[in-house]
Amino acid sequence: MNIGEMIKNLRNAYGLTQKELAEKAGIATITLQQYERNKREPRKEVLSKIAVALNIPVEAFYPRKEEIEDAMLAKGYRRDCCVIAVGGGVVTDLGGFAASTFKRGMRCINVPTTLLAQVDASLGGKTGFNFNGLKNEIG
């Protein structure tokens, strides 16, 4: 399930129209429509606003490591395969961490799409995650 579908499902579960959720989150209705139709990928700040409007943690929008590994197993990934993580810091960190632990490690290529992720990726090998309020505790 992609983020657009997830936003739509959550909105419907809360019984909100697109206009109502957009107003609660402080974003334009047309923007929310574009997200739900997968015409546009929401930025982290916008996801945070939507999460606050729905009173859920923003992490609910991101896949968990187990979900990624389950998908890799279902698709028949082997240790000689390669993970290509295209996205910002969350995506590249999660892709690198999943690749390093799946089948005792496989290759990973990060394609960072934000300036911060590019700087982060230039250090090489960092796949840190925040845990229990502490920065980069796992990875």
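## Helices H5 and H6

In this predicted model, helices H5 and H6 are oblique to each other, since angles under 35 degrees count as roughly parallel, over 145 as roughly antiparallel, 65 to 115 as roughly perpendicular and the rest as oblique. The axes of H5 (residues 65–74) and H6 (residues 89–101) cross at roughly 55° and come within 10 Å. Axes are lines fitted to C-alpha atoms, for helices over the stretch in contact, and the angles run from 0 to 180 degrees between N-to-C directions. The crossing of H5 past H6 is right-handed; a crossing has this hand if the near helix is turned clockwise from the far one by less than a right angle, and is left-handed if anticlockwise.

From H5, the residues Lys65, Ile68 and Glu69 take part in the contact, and from H6, Leu94, Phe97, Ala98 and Thr101. Contact here means heavy atoms within 4.5 Å. By class, four of the residues are nonpolar, one is polar and two are charged. In this scheme Ala, Val, Leu, Ile, Met, Phe, Trp, Tyr, Cys and Pro count as nonpolar, Asp, Glu, Lys and Arg as charged, and the others, Gly among them, as polar.

## Basis of the model

Residues are numbered from 1 along each chain as its sequence is written, and side-chain values use heavy atoms, with hydrogens and water left out. Because the model is predicted, local features need pLDDT of at least 70 and side-chain atom pairs count only at pLDDT 80 or more, whereas totals for chains, interfaces and linings use all residues.

## Overall architecture

The protein has seven helices and four strands, in the order α-α-α-α-α-β-α-β-α-β-β from the N terminus. Helices (H or I, at least four residues) and strands (E, at least two) are DSSP runs, numbered from the N terminus. Along the principal axes, the C-alpha atoms fill a box of roughly 45 × 30 × 30 Å.

Of the 139 residues, 34% are buried; buried means under 20% relative accessible area, exposed over 50%, and partly exposed in between (1.4 Å probe, protein chains only). Among contacts between residues at least 6 apart in sequence, 57% join residues at least 24 apart.

## Packing around helix H3

Helix H1 (residues 3–13) and helix H3 (residues 29–36) have axes that come within 7 Å and cross at roughly 115°. Gly4, Ile7, Lys8 and Arg11 of H1 meet Leu32, Tyr35 and Glu36 of H3. These residues comprise three nonpolar, one polar and three charged.

H2 also packs on H3, at an angle of about 115° with the axes 8 Å apart, and the two are therefore roughly perpendicular. H2 passes H3 in a right-handed crossing. The H2 side contributes Gln18, Lys19, Leu21 and Ala22, and the H3 side Thr29, Leu32, Gln33 and Glu36. Their classes are three nonpolar, three polar and two charged.

Lysine 24 belongs to helix H2 (residues 18–25) and is exposed, with a relative accessible area of 52%. Apart from neighbours within four places in sequence, lysine 24 contacts Leu16 and Ala53.

Most residues other than glycine have a negative phi. Asparagine 38, in the loop between H3 and helix H4 (44–54), has a positive phi near 60° and is partly exposed at 43% relative accessible area. Asparagine 55, in the loop between H4 and H5, likewise has a positive phi near 60°, and counts as exposed at 70% relative accessibility.
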